[in-house]
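Please look at the sequence and the structure below.

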Amino acid sequence: MAPSITCTSLSFCWPDGTSVFDDLQVAFGAGRTGLVGTNGSGKSTLLKLIAGELTPASGTVRVAGAVGHLPQNVTLDTALRVDEALGIAAQRAALHAIEAGDVAEEHFATVGDDWDVEERAQVTLGELGLGHIGLDRTIGEVSGGESVLLRLAALLLRRPDVLLLDEPTNNLDLYARRRLYSAVEAWPGVMIVVSHDRELLDRVDQIADLHGGEITWFGGTFSAYEEALAVEQEAAERMVRVAEADLRKQKRELVDAQVKLARRKRYGQKMWDNKREPKIVMGARKRAAQESAGKHRLLHEERLAEARERLDEAVEAVRDDDEIRVDLPHTAVPPGRAVLTLRDLEPAYGARVHGGLELRGPERVALIGRNGAGKTTLLRTIAGELDPVAGEATAHVPLRFLPQRLDVLDDGLTVAQNVARFAPTATNNRIRARLARFLFRGSRADQPAGTLSGGERFRAALAALMLAEPAPQLLMLDEPTNNLDMASVRQLTTALESYEGALVVASHDLPFLESIGITRWLLLDGELKETTPEAVGEADRP
């Protein structure tokens, strides 16, 4: 049987009763599918259901073939050897024992038919750019990005029929991403990939859009999907305008009908009062008029209800793509003003700054470099979270740092309470008015931070820092697009476009960096040095 995935009448709820899927019907066949949707729509949950890591409330998941799943958050024991992480340690040990002359039966049983497992492992590691990593090294000796690729290598060595990848490019540098792109393009079986990485999604065969608990299919890459969706949304917005016009028309016609009926009623009452016709005739005419008026009113009310229903349906077809609006005049930095000075800075790990480096005015700086180059360490040192080995980092304006972990939030507090921690003198009304600009309107501002989705959590953390007192005139972000869906990335881009302070962003996401108007590129490669966007790709090669 050809590898495939079939979900029939699939339903799933979280323990608190929150429904994720209700009677979902979907099937995945051969080829590469990009699964897209907003944060919280259920993409990771669907992958876990397919992988058998979660149990549906009802319905079935049938998979023809073996499944390999690369989860979003990869954690490996740092004490593990590389061959243990790849799942081939026992086979290697048996092979080495046989080569040493030990012909015990259990060694042959362990090896089975996989006599070239060691060679296959080396080839797979080489294809993913990990050829320099020995099988006897420990996980603690490799970078976070390399550990992600090791997990992928372990899956590829198992040769699964179905491969599920959840945000596989998170924490990968550009070179590692290219290696992963090549592995995706060469995949021969069934693949479902969840990602916010446009370049990766432009290498799939089709897009499955998970929206409102249902999946809509689009043939082709993510770029083709975006074009098709734009056309669809334009048509949906036109339908909203048509439905609104029809609703206004039905309201006018109902009012006109009510005016006409009122006139008829007054005329009938006048005839009754003047007794111009026999009583029995006037009574029959009154009953007929009342029946006619009732039917007329019901007709117009039905038409009005239908118009409202058509408008509701049209509105539902339009995606909610609200933009974050930031209007913080106190964040503005005059051109030429010193913002940050680094002098002979040597962080505890990674690149050092020889001599001096100065940021001035509202510069937008991209901090790039391979995994393990020390970008996060440098940002944490500038933010004052880590002490330098030597030298100094001096911020001349209020500074805020948003780490990858988003641990600036207290999960036990609401969104509004978290913002209040950073702006203690602001009134509750002022905080809520500001939060509305970050799309936390009304009761959404009262959600506990611990219940937020990835995109919501990022928006809440960004709001807490940007609404802080004093207003930050230097904002530092560490891999801000990790775990964000496309809509959230667009919202972040919009927010940063209207931010008037200085910006330092560590990221491997080149399209995102280019979209926020980077004015200066700094490369960490043993030391901190200036570079250009054209040289970035080459600089990330080993």
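In this predicted model, helix H6 is mostly covered, with 11 of its 15 residues buried. Buried here means under 20% relative accessible area. The buried residues are Gly145, Glu146, Ser147, Val148, Leu149, Leu150, Leu152, Ala153, Ala154, Leu155 and Leu157. What lies over them includes both strands and helices: strand S5 (67-70) and strand S6 (162-166), along with helix H2 (82-85), helix H5 (117-127) and helix H7 (174-185).

H6 itself spans residues 144-158. From its first C-alpha to its last the helix reaches 22 Å, close to the 21 Å expected at 1.5 Å a residue. Arg159 follows H6, and its phi is positive, near 55 degrees.

The sheet comes next. Strands of a sheet pair through backbone hydrogen bonds, either parallel or antiparallel. In this model, 3 strands form an open sheet in the order S2-S1-S4, with antiparallel pairing. Which strands stand at the edges? They are strand S2 (19-28) and strand S4 (58-64); each has a single partner strand, so one side of each is left without a neighbour in the sheet. From one strand to the next, the twist averages 15 degrees.

Within this sheet, strand S1 (residues 4-13) runs antiparallel to S2, and 6 bridges join the two. Along this pairing, Phe12 stands opposite Phe21 in S2.

How values were computed:
Residues are numbered from 1 along each chain as its sequence is written. This is a predicted model: local features need pLDDT of at least 70, side-chain atom pairs count only at pLDDT 80 or more; totals for chains, interfaces and linings use all residues. Side-chain values use heavy atoms; hydrogens and water are left out. Helices (H or I, at least four residues) and strands (E, at least two) are DSSP runs, numbered from the N terminus. The expected span of a helix is 1.5 Å times one less than its number of residues. Buried means under 20% relative accessible area, exposed over 50%, partly exposed in between (1.4 Å probe, protein chains only). Contact means heavy atoms within 4.5 Å. Two strands pair if DSSP finds at least two bridges between them. Axes are lines fitted to C-alpha atoms, for helices over the stretch in contact, and angles run from 0 to 180 degrees between N-to-C directions.
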